[in-house]
Structure formats: structure tokens, C-alpha cells
Amino acid sequence: MTTSRQVPVHNWRLGQSESAAPVLDDSIAAEVPVALTYNRVSHVVMMATPADLEDFGLGFSLTEGLIGSSSDLLGLKVIPREGGVEVAMTISSECFDRLSTRRRNLAGRTGCGLCGAENIEQALRYPPAVDHCVMVSNAALQRAITSLNVHQPLQACT
């Protein structure tokens, strides 16, 4: 899986496209649903860049207290799946018993809303098509973007 992709960048200045300027490509990070499973039982799905997923699985397991040390992780395999990636981990029976008693869905308080889904199928939702008759002018779009700061006081502080 690729960890980034190239996208064309269109320059805008004062609400107008700088059509004379060349369109450049820029790299953006890829994100895919990553399902974490323990002893073949789904635990959670999160969005992540598909790089270093072995470290991601181990780090998540340690910081969530699902395992006590790296030696409790007996095996880990990254498996490409349709629509995402599975990080299939095998943990010690003691850790798995503990995990079974405190199973929960991780609630995503911010972000994409994927946290808490237990498998990739739950994470992939296909909304109905947007009515293509809606027309928004470039000027209206630029006014909306400019007015965002007024409605985001925390963003202004950060």
C-alpha cells in the first residue's frame, strides 16, 4: 500500500484562480481504515497512514494496557483487506483473557468518526450521492473560507 499520493495544487489569490501559474503536484499522506484484531477477534478500527503498522499495533497495545510488555505480543501480521488493512495480533492467553473482560468500543471524540467500529465493513459507509445541481460560485466559496476564522476561536489561538 502506498503511504502518500500526488494531487494537483491550484493556486488561488484573492478569490481568483491563478490560471497563468502552472498547476503543481504535491504529496499528501494516505489514510486507510486499519482494523486491529487480537487472537482473531476484532477490537477496533482507526484511520491511519499504512506505514509502520507493526509499530502502530504494538504501540497501541502497550499504551491501551492490552499487553504489559512487548513479550506479550506473540505474533503480528499486516494483512491487506478490501477497503483497508488488518493488523492481526496474537497475544498471550493471560492478556487475551484480560482483554475479553474489559472489551469496549473506543469512542472517537473528534476526527473522522471511525473509532469504535470493530471491523472494516462497519467502517465503510457509502452515503447517497450529493445532488449535482447545487452550484457554488468561486466567490461564495472564498467568502465562506475567509469567514471560518470568525467561527473558530480555538483555531485563532493555536
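Guide: Helices (H or I, at least four residues) and strands (E, at least two) are taken as DSSP runs and numbered from the N terminus. The model is predicted, so local features need pLDDT of at least 70 and side-chain atom pairs count only at pLDDT 80 or more, while totals for chains, interfaces and linings use all residues. Residues are numbered from 1 along each chain as its sequence is written, and side-chain values use heavy atoms, with hydrogens and water left out.

By these runs the chain has five helices and eight strands, in the order β-β-β-β-β-β-α-β-β-α-α-α-α. Of its 158 residues, 27% are buried, where buried means under 20% relative accessible area, exposed over 50%, and partly exposed in between (1.4 Å probe, protein chains only).

Now the packing itself. A nonpolar core is a set of buried Ala, Val, Leu, Ile, Met, Phe, Trp, Tyr and Cys residues joined through side-chain atoms within 4.5 Å. The largest such core holds 19 residues, and those touching the most other members are Val-34, Leu-36, Tyr-38, Phe-60 and Ile-91. At least two core residues come from each of strand S5 (32-38), strand S6 (41-48), helix H1 (53-63), strand S8 (84-91) and helix H2 (93-101). In soluble globular proteins, nonpolar side chains tend to be buried together.

Leu-36 can be followed residue by residue. Leaving aside residues up to four places away in sequence, Leu-36 touches Val-41, Ser-42, His-43, Val-44, Met-46, Phe-56, Phe-60, Val-87 and Met-89, a contact being heavy atoms within 4.5 Å. Across the chain, 49% of the contacts between residues at least 6 apart in sequence join residues at least 24 apart.

In S8, Ile-91 stands opposite Leu-73. Strand S7 (residues 73-81) pairs with S8 in the antiparallel sense over eight bridges; strands count as paired if DSSP finds at least two bridges between them. The two strands form a hairpin with two residues between them, and Gly-83 in the turn has a positive phi of about 85°.

Charged side chains also occur in this region. A salt bridge is a side-chain nitrogen of Lys or Arg within 4 Å of a carboxyl oxygen of Asp or Glu, and there are two by this rule. Arg-81 and Glu-86 form one of them, at 2.7 Å from N to O. Glu-86 counts as buried because its relative accessibility is 13%, whereas Arg-81, at 41%, is partly exposed. Arg-98 and Glu-94 also form a salt bridge, at 3.8 Å from N to O. Both lie in helix H2, four residues apart, or about one turn of the helix. Arg-98 is partly exposed at 32%, and Glu-94 is exposed at 58%.

Nonpolar side chains are found on the surface as well. Val-134, Val-136, Leu-141, Ile-145 and Leu-148 form a nonpolar patch with about 450 Å² of accessible area together. Patches are made of residues with over 30% relative accessible area and no salt bridge, like charges being joined within 9 Å and nonpolar side chains (Val, Leu, Ile, Met, Phe, Trp, Tyr) within 5 Å. Accessible areas come from the Shrake-Rupley method with a 1.4 Å probe, and for residues only the protein chains shown count as cover.
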